[in-house]
Amino acid sequence: MIIAVPVDEMEENSPVCISFGRAPFYLIFDDEEKKFDYFDNNSAFNAQGGAGIKAAQSLVDRNVDIVITFRCGENASKVLNGKAKIYKAEKVNAKMNIEMFIAGNLQLLNKVSPGLHGHSVQGEK
Amino acid sequence: MKIAVLSGKGGTGKTFVSVNLVNSTENTDYYDCDVEEPNGDLFFQSKLIQELPVKVLLPSFDKEKCNACHECVDACSFNALALIGKDMLLFESICHSCGVCSFVCKQKAISEVPKQTGVIKIGKAGDSKVVTGKLNMGEAIGVPVISGVLDLMDEDRNSIIDCPPGSACSVVESTQKADYCLIVAEPTSFGFHNFKMVEQLARVLKKPFAVVVNKAESKNNIVSSYCKKNKIKVLDTFLFNRKIAQDNSRGEICTSVDDKMKARFISLLDNINDDWQRSLK
């Protein structure tokens with residue numbers, strides 16, 4: 001199982017980034033190898049639009065199963081849909097959030113934020 | 001001559017100024033580029049001559065041919081595509097119809113299919129052509145409709161372009177073909193703030209421009225003092241006026257029912273023309 005957390009800094013104790021799409025980095029934890037890894041979310045961070053879609057695509061490409069985040073937009077959740085489950089982050093650092101998830105203490109994110117420009121209001125294919 | 005009428009803030013009187021400019025002179029047509037809420041024709045009540053659909057191209061994916069190589073997703077500047085396994089996901093409202101996805105696809109798995117996003121109405125009112133762009137409800141990108149409206153401009157005639165509010169893509173597109181920008185500014189904090197954004201835009205686009213102040217309580221106001229300080233021409237100032245408001249609310253064109261207003265708009269046009277001629281030198 002692969003767990004991903006948007007983070008402000010490239011370290012395990014980083015706070016969880018408040019943004020899903022425009023997080024500077026992602027912390028990746030492989031549950032089987034017990035190994036932390038990171039990737040630079042540069043391409044989504046600097047995107048003019050569609051940052052959430054881009055970030056979600058990067059997670060899907062890395063076969064992520066679980067995403068722990070404070071919020072997630074409707075477009076990004078459509079990309080993740082069926083591939084990764086989204087859990088709501090708590091206000092502790094990234095590593096502790098992962099530990100809480102493994103202990104079964106995180107809730108599924110049940111609220112999806114509408115797009116900034118109301119993009120997601122329209123019916124998408 | 002092609003004059004773009006813009007404002008920054010909405011509701012400052014772009015349509016009021018545009019419609020009356022058209023109505024005050026011969027040989028002049030009206031182009032409504034405020035495609036999210038076109039309302040100039042409420043005043044002209046033009047006779048409909050023709051309706052043209054506006055279509056954009058959206059990608060369509062052939063799952064059989066796609067080998068999930070990811071190139072289209074990476075090439076999309078707007079992040080309108082996602083690839084999940086072998087399934088393509090298109091976010092239509094983000095797609096700018098640039099066609100790069102089908103261009104880069106080596107498998108020829110992407111074709112482009114037209115989708116109507118708006119309509120252009122061409123009408124006639126007196127000797128003026130009245131062209132109205134209308135974006136379909138729920139569509140996010142007005143630029144294709146605007147560019148369709150401006151393609152109908154007649155080189156032998158004068159054009160007044162009623163722009164959308166703001167200073168974003170749609171306004172840039174609307175001013176693209178203009179010789180001159182007329183900024184209608186409302187002397188409130190909000191109006192002043194957005195006026196300065198449009199002023200910057202006119203400078204970036206290197207268009208000659210001047211200002212008309214509308215809905216003012218006095219000739220000396222927040223906009224006029226800024227213009228004085230920065231050597232920007234204020235060509236006219238319309239004070240709050242019950243008669244204008246009433247005529248406007250009834251859908252009357254002020255210059256049709258009020259000779260003084262007509263004289264005023266004729267001189268405004270002369271001033272614009274003089275200023276434009278000077279800028280060419």
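In which loop of chain B is S97(B) found? The legends below treat this residue and several other sites of a predicted model.

**Figure 1. S97(B) and A68(B), two residues of chain B with a positive phi.** S97(B) is found in the loop between β5 and α4 of chain B. Its phi is near 55°, a positive value in a residue other than glycine. Most residues other than glycine have a negative phi. S97(B) counts as partly exposed because its relative accessibility is 26%. A68(B) lies elsewhere, in the loop between β3 and α3 of chain B. The phi of A68(B) is also positive, near 55°, and this residue too is not a glycine. With a relative accessibility of 26%, A68(B) is likewise classed as partly exposed.

Figure 2. Rolling a probe the size of a water molecule over the atoms shows where empty space is left. The space in the largest cavity comes to about 110 Å³. The largest share, three residues, comes from β3(B). By class, the lining residues of the largest cavity divide into twelve nonpolar, three polar and one charged.

**Figure 3. The second largest pocket and its surroundings in chain B.** This pocket has a volume of about 420 Å³. It is lined by 21 residues, and G11(B), G13(B), F16(B), K215(B) and N248(B) lie nearest its centre. Two or more lining residues come from each of α1 (14–23), β10 (209–216), β11 (234–239) and α9 (242–249) of chain B. The lining of the second largest pocket has eight nonpolar, nine polar and four charged residues.

**Figure 4. The helix α1(B), which is mostly covered.** Nine of the ten residues of α1(B) are buried. They are K14(B), T15(B), F16(B), V17(B), S18(B), V19(B), N20(B), L21(B) and V22(B). An α-helix has 3.6 residues a turn, so residues three or four places apart point the same way. For the chain as a whole, 50% of the 281 residues of chain B count as buried.

**Figure 5. The largest nonpolar core, with L80(A) among its members.** This core contains 43 residues, of which F20(A), Y26(A), L59(A), V79(A) and L80(A) touch the most other members. Both chains take part: β1 (2–7), β2 (25–30), α2 (51–61) and α3 (74–80) of chain A, and α3 (71–75), β4 (81–84) and β5 (87–90) of chain B, each supply at least two residues of this core. The most is given by α2(A), with five residues. A second, separate core has 34 residues, including A4(B), Y31(B), I122(B) and I183(B). In soluble globular proteins, nonpolar side chains tend to be buried together. Apart from its neighbours within four places in sequence, L80(A) is in contact with F20(A), A56(A), L59(A), V60(A), V67(A), C72(A) and I86(A).

**Figure 6. The contact between chain A and chain B.** Chain B brings 19 residues to the contact, and chain A brings 17 residues. The size of an interface is often given as the accessible area lost when the parts come together. Here the area buried between chain B and chain A is about 1500 Å², and carbon and sulfur atoms give 51% of this area. In chain B, the residues that lose the most area to chain A are N79(B), I84(B) and F91(B), which together give 35% of what that side buries.

**Figure 7. N13(A) in a loop of chain A.** N13(A) is found in the loop between β1 and β2 of chain A. Because its relative accessibility is 47%, N13(A) counts as partly exposed. N13(A) and V92(A) are 79 residues apart in sequence, yet their C-alpha atoms are 8.9 Å apart in space. With neighbours within four places in sequence left aside, N13(A) is in contact with N93(A) and K95(A).

**Figure 8. Chain B, the setting of several of the views above.** Its secondary structure comes to eleven helices and eleven strands. The C-alpha atoms of chain B fill a box of roughly 70 × 45 × 40 Å, taken along the principal axes. Among contacts in chain B with a separation of 6 or more, 73% join residues 24 or more positions apart.

Key: Residues are numbered from 1 along each chain as its sequence is written. Chains are lettered from A and ligands numbered from 1 in the order in which they are written. This is a predicted model: local features need pLDDT of at least 70, side-chain atom pairs count only at pLDDT 80 or more; totals for chains, interfaces and linings use all residues. Side-chain values use heavy atoms; hydrogens and water are left out. On a 1 Å grid over the protein atoms alone, a cavity is a set of points where a 1.4 Å probe fits but cannot get out, and a pocket is an open set with protein on both sides within 12 Å along at least five of seven lines; lining residues have an atom within 4 Å of a point. Grid points are joined across faces, edges and corners, and a volume is the space filled by probe spheres set on the points. Helices (H or I, at least four residues) and strands (E, at least two) are DSSP runs, numbered from the N terminus. Ala, Val, Leu, Ile, Met, Phe, Trp, Tyr, Cys and Pro count as nonpolar, Asp, Glu, Lys and Arg as charged, and the others, Gly among them, as polar. A nonpolar core is a set of buried Ala, Val, Leu, Ile, Met, Phe, Trp, Tyr and Cys residues joined through side-chain atoms within 4.5 Å. Buried means under 20% relative accessible area, exposed over 50%, partly exposed in between (1.4 Å probe, protein chains only). Contact means heavy atoms within 4.5 Å. Buried area is the accessible area (1.4 Å probe) that two parts lose on being put together, summed over both.
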